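Subject: The structure I promised you

Hi there,

Here is the structure we talked about, ready for you to open. Have a look at it first, and then read on for what turned up.

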Amino acid sequence: MNKRADFSTDLERSSFWMPFTANRQFKKTPRLLARAEGMYYWTPEGRPVLDAAAGLWCVNAGHGRREITDAVAKQIAVMDYAPPFQMGHAIGFEFASVLAAIAPKGLDRVFFTNSGSESVDTALKIAIAYHRVRGEGARTRLIGRERGYHGVGFGGISVGGMVNNRKYFGSLLPGVDHIRHTHDPSRNLFSKGLPAHGAEFADDLERLVALHDASTIAAVIVEPIAGSTGVLLPPVGYLKRLREICTKHGILLIFDEVITGFGRTGSAFASQEFGVVPDLITCAKGLTNGAVPMGAVLVQRNIHDAFMSGPAGAIELFHGYTYSAHPIACAAGLATQEIYRSEGLFERAKAMAPYWADAAHGLRGRRNVVDIRTYGLVAGIELASREGAPGDATAAVQQLARELAERQTQREGGHREESRAMQRARERARQLRIAHRLGRHRVHRPAVGVVAEHRADRPEKALVVPAHQHRERSAVTLERRPNEPLVRELARARKSIEHGHTPLGCSARPARYVGGSAIRPEDLIDAHRAAVDD
Ligand SMILES: Cc1ncc(COP(=O)(O)O)c(C=O)c1O
């Protein structure tokens, strides 16, 4: 454990090549997170950081959900892994039916992947193969949209429309084209909900049909709300029109719902929210509340069935991943979906959307804020580029976000009405640090209790956490004798822990590490030393 804690001293030489990160800058000035619970992360120093983005748009039910942890622990004990090729396990089938039940009507076949990127590649492959098994093998062209993001696989960056994700990686997939994006600040600035203007942008697909001929086009993929390029909302009527054009030309429509899935818009899927049913949906992230990597492609029954016509013993789709329908991911997913259902989180997102929109639009008029776009629990706040550096708002935005986050957490840190949960969590983080420090003193006496705290609710009690247990948060509760000095009590506790029985004169029993008002670290260290020297 100490090894793990020490890594931060030598980050600059660390082996970890971090994804989508300015590695050199980060390693010089790291922003490390150590713990998460509810809406917050905590830094290794114990400073809370508001997780305003739900991780990377994935922790839709909040961090540290006990239901998910328990389900994962249970599943890993029962069956940690099973091959998904030519074999199966009940939990995979169960999770597929749970997803089918909340999916838009008709999309009741589920192909499991491990990420959004893999879901996208899977959906594109299914689309091309679908046309081929139906005898339309010339339909291989894939159409994406400018400013789209579909992950980082070669399929995803080819249909995607973000320049930096494409320009370093060669010629990408052949036979890909893009329709225009839907962002139109000249008509749709500061839209609350879907922007009024721009349904006709969908007609750009007709231009590509005219150019390539529909008989060569397999599928069109779009995000219902484009997230990664700055929350670009579909204009009213746009998605419906896109659906109509696809249907007219026999082109499959894929909605990439990796971020809009699982409640972000106020419905399970944006497809339901906007009343437009695609042929395939890609999802990931909120599928398992971000707790275990997993993705899925939801597929219209008729597309699936088209594959099911060959010889019964033949593999219908030559595609899959070692970890498709991984049992641990399925367990996390089932627990997650149950949380969403039982707590009504999708409905809650819908109910909160107007407040969220009002709050976000309340920033209108602030310096450098040039547009605000909101839908459901999504908001995009666009800042002006820096003067003389067109397109370079990024650094300024990051800086601003950091400052805002700092200010927010400082304010919370010093706030008199700080929630009890926050106080408890902060206290716990502090005590764990104490435990680390004290742990170093126990080199020669390995089983000494190292953390003690008075229980605020019951001052006659103290918790003593053995060094080797504090990470599991188990503890021994001591009934304190009135006025007995803590030092002596700790000495007794140590002895009893070392000998594996109850301290003399105390009733000791296992207890959960429940927090409470801690004694000062210095006192603890002194008490511990005294106990060791006893
Ligand atoms: C719309 C969309 N598609 C695909 C992806 C890729 O997902 P992953 O990072 O899990 O591969 C993302 C990730 O943010 C996304 O926003």
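This is a predicted model: local features need pLDDT of at least 70, side-chain atom pairs count only at pLDDT 80 or more; totals for chains, interfaces and linings use all residues.

The chain as a whole

The protein chain has 534 residues, of which 39% count as buried. It holds 19 helices and 16 strands. If you take the contacts with a separation of 6 or more, residues 24 or more positions apart account for 67% of them.

Around the ligand

How many residues surround the ligand? There are 14, and the closest are S115, G116, S117, G151 and V258. Sorted by class, this shell has seven polar, five nonpolar and two charged residues. Helix α6 (residues 116-133) supplies the largest share of the shell, with three residues.

From its first C-alpha to its last, α6 reaches 25 Å, close to the 26 Å expected for its 18 residues at 1.5 Å a residue. It is mostly covered, with 13 of the 18 residues buried. Just after α6 comes G135, which takes a positive phi of about 90°.

A strand with both faces covered

Is strand β5 (residues 141-145) largely enclosed or open? Five of its five residues are buried, so β5 is largely enclosed by the rest of the structure. In a regular strand the side chains alternate between the two faces of the sheet. In β5, R141, I143 and R145 are on one side and L142 and G144 on the other, and both faces are covered.

β5 also has pairing partners. With strand β7 (residues 217-222) it pairs in the parallel sense over three bridges, and the bridge partner of R141 there is I217. With strand β6 (residues 176-179) β5 pairs over four bridges, again in the parallel sense. In β6, H178 is the bridge partner of G144.

Two residues with positive phi deserve a visit:

- F20 is not a glycine, yet it has a positive phi of about 40°. It is found in the loop between α1 (2-6) and α2 (23-28), and with 8 C-beta neighbours inside 10 Å it counts as exposed.
- W57, another residue other than glycine, has a positive phi near 60°. Its place is in helix α3 (residues 54-57). With 22 other C-beta atoms within 10 Å, W57 is buried.

Then there are two loop residues:

- G88 sits in the loop between α4 and α5. It counts as exposed, with 12 C-beta neighbours inside 10 Å. Along the chain, G88 and P327 are 239 residues apart, while their C-alpha atoms are separated by 9.9 Å.
- P224 lies in the loop between β7 and α11 (238-249). Is P224 buried or exposed? It is buried, with 26 other C-beta atoms within 10 Å. Leaving out residues up to four places away in sequence, P224 touches P234, L239, F255, E257, T260, A270, S271 and F274. The C-alpha atoms of P224 and G261 are separated by 9.9 Å, and these two residues are 37 apart along the chain.

Enjoy exploring, and write back with any questions.

Best wishes

How values were computed:
Residues are numbered from 1 along each chain as its sequence is written. A residue is near a molecule or strand if its C-beta atom, placed from the backbone, lies within 6 Å of it. Ala, Val, Leu, Ile, Met, Phe, Trp, Tyr, Cys and Pro count as nonpolar, Asp, Glu, Lys and Arg as charged, and the others, Gly among them, as polar. A residue is buried if 20 or more other C-beta atoms lie within 10 Å of its own, exposed if 12 or fewer, and partly exposed in between; C-beta atoms are placed from the backbone. Two residues are in contact if their C-beta atoms, placed from the backbone, lie within 7 Å. Two strands pair if DSSP finds at least two bridges between them. The expected span of a helix is 1.5 Å times one less than its number of residues.
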